[in-house]
Amino acid sequence: MAAPTNSARPPAIPRRLRLVAHHALRVLDGVPGLSGSTVLVAVSGGPDSALLVKVMSLLAPRRGFHLRAAHINHNLSSAAATLQQHALEACRVAGVPCVVHSVTVPEHSGQGPEGAARAVRRDALELLARELRCQWIATGHNATDVAETFLQRVLEGAGRQGALRAVEGNRVRPLVALTRGQIRQAVLDVQLPAMDDPMNEQTELLRGHLRRRVWPVLTEKFGAPDRTLARAGQLAQEDDDALETMARRAWQPHIGADRQSLRDLPIALTTRALKQLAESVAGGPIRTGHEAVRKAAKAAVAHGGPVRQFKVGPVWLVVLGTHVVAQHDPSPRPSQRSVVKPAA
């Protein structure tokens, strides 16, 4: 394990990495309990993660944390073995021990190839973090990734278009303020071993289509669309966080939400409150579309019969007199109820 050095003077940060280190430290200094913890760095073999593991190795002795690294081999392309070699070499150069974990991405997950690979990778990193006793997982997401994710969510019609956060749960994204161009330049400046994953350039995948076809047009017209969209995503995320906090005040576990109180709220808060209520019973996020939940929320607070039920993801929102509650197995029986199933 790469441990913080006891030397009074940590290794000098190369001049060409000082800007990267500056932005990474702004993120790391916002991580609670970082000193003394162990961070697992996800290393893909690409430029982002090569720079990440290098910079993290320079900052670890400055902030007193330990480092491990992991490469998740998806076995999805002919370049998988070469990517693995680049990941291991990047870790060797940084002096960080790296473990390799091979996974199988399901073909029919209902999430598409990108979503399925992302889910498998996330689960594998969580498993390795537990096995290696790492409190944090660091990934190489950058400002261009933030912009692409925000644009993709808007175009897909998601109800919530927030950005990737710098710190989210046990995930840390130290490079999130840097654009992909800045990262590539830094990798060239210090000659780090890295290669581009060919899958990222496949135009039949949405992310690849955005990078190859849409992004060049936006760059030609607007100069730096990644910075602008990343900032818009961050502002949207701040708004989203505030609305989520306000919506949480509108319901209580095991009690539900008062219908009259919901009527007094803007529909945006009512929708969020009832989705939160449904997710509290479901035990996690639900995939039902925003418009479907909004439709159910409007109907649930409207005047009507004393018992109405609405399917939201794996649970039901049930109107019981003055309250709306969420249940896995709604009561009364289907023959006694009015049921509305919004489209997912």
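**Exercise 1. A network of charges**

Task: Which residues are linked with D145 in a network of salt bridges, and where do R211 and E148 of that network lie?

Solution. Let's start with the network: D145, E148, R180 and R211 are linked by salt bridges. A salt bridge here is a side-chain nitrogen of Lys or Arg within 4 Å of a carboxyl oxygen of Asp or Glu. By this rule the count comes to 14 salt bridges.

Before going on, a word about the model: it is predicted, so local features need pLDDT of at least 70 and side-chain atom pairs count only at pLDDT 80 or more, while totals for chains, interfaces and linings use all residues. Residues are numbered from 1 along each chain as its sequence is written, and side-chain values use heavy atoms, leaving out hydrogens and water.

The side chains of R211 and E148 meet in a salt bridge of 3.3 Å, N to O. R211 lies in helix α7 (residues 206-222) and E148 in helix α5 (residues 143-155), so this pair ties together parts that are 63 residues apart in sequence. (Helices, H or I with at least four residues, and strands, E with at least two, are DSSP runs numbered from the N terminus.) R211 and E148 are both buried. Buried means under 20% relative accessible area, exposed over 50%, and partly exposed in between, with a 1.4 Å probe and protein chains only.

**Exercise 2. Two more pairs**

Solution. Step one is the pair R272 and D240, whose side chains meet in a salt bridge of 2.7 Å, N to O. R272 has a relative accessible area of 11%, so it is buried. D240 counts as buried too, at 6% relative accessibility.

Step two is R184 and D196, which meet in a salt bridge of 2.8 Å, N to O. R184 lies in helix α6 and D196 in the loop between α6 and α7, so the pair ties together parts that are 12 residues apart in sequence. R184 is partly exposed at 33%, and D196 is partly exposed at 38%.

**Exercise 3. Two packed helices**

Task: At what angle do helices α10 and α11 pack, and which residues meet?

Solution. Two packed helices are described by the angle between their axes and the distance between the axes. For α10 (residues 267-282) and α11 (residues 290-301), the angle is about 100° and the axes are 9 Å apart. Axes are lines fitted to C-alpha atoms, for helices over the stretch in contact, and angles run from 0 to 180 degrees between N-to-C directions. That makes α10 roughly perpendicular to α11, a label for angles of 65 to 115 degrees (under 35 is roughly parallel, over 145 roughly antiparallel, the rest oblique).

Next, the residues: I267, T270, T271, L274 and K275 in α10 meet H290, V293, R294, A297, K298, A300 and V301 in α11. Contact means heavy atoms within 4.5 Å.

**Exercise 4. Strands that pair**

Task: In what order do the 6 strands of the open sheet stand, and how does β9 pair with β8 and β10?

Solution. The order is β3-β2-β1-β4-β6-β5, with mixed pairing. Two strands pair if DSSP finds at least two bridges between them. The edge strands, β3 (98-102) and β5 (167-168), each pair on one side only. Inside the sheet, β1 (residues 38-42) and β2 (residues 66-73) run parallel, joined by 5 bridges; V41 has A69 in β2 as its bridge partner.

Turn now to β9 (residues 315-320). It pairs with β8 (residues 307-312) in the antiparallel sense over 6 bridges, and V312 stands opposite V315. With β10 (residues 323-327), β9 is also antiparallel, over 5 bridges, and L317 stands opposite A326. In β9, 5 of the 6 residues are buried, so the strand is largely enclosed by the rest of the structure.

**Exercise 5. A positive phi**

Task: What is the phi of H254, and where is H254 found?

Solution. Most residues other than glycine have a negative phi. H254 has a positive value near 70°. H254 is found in the loop between α8 (225-248) and β7 (257-258), and is exposed, with a relative accessible area of 87%.
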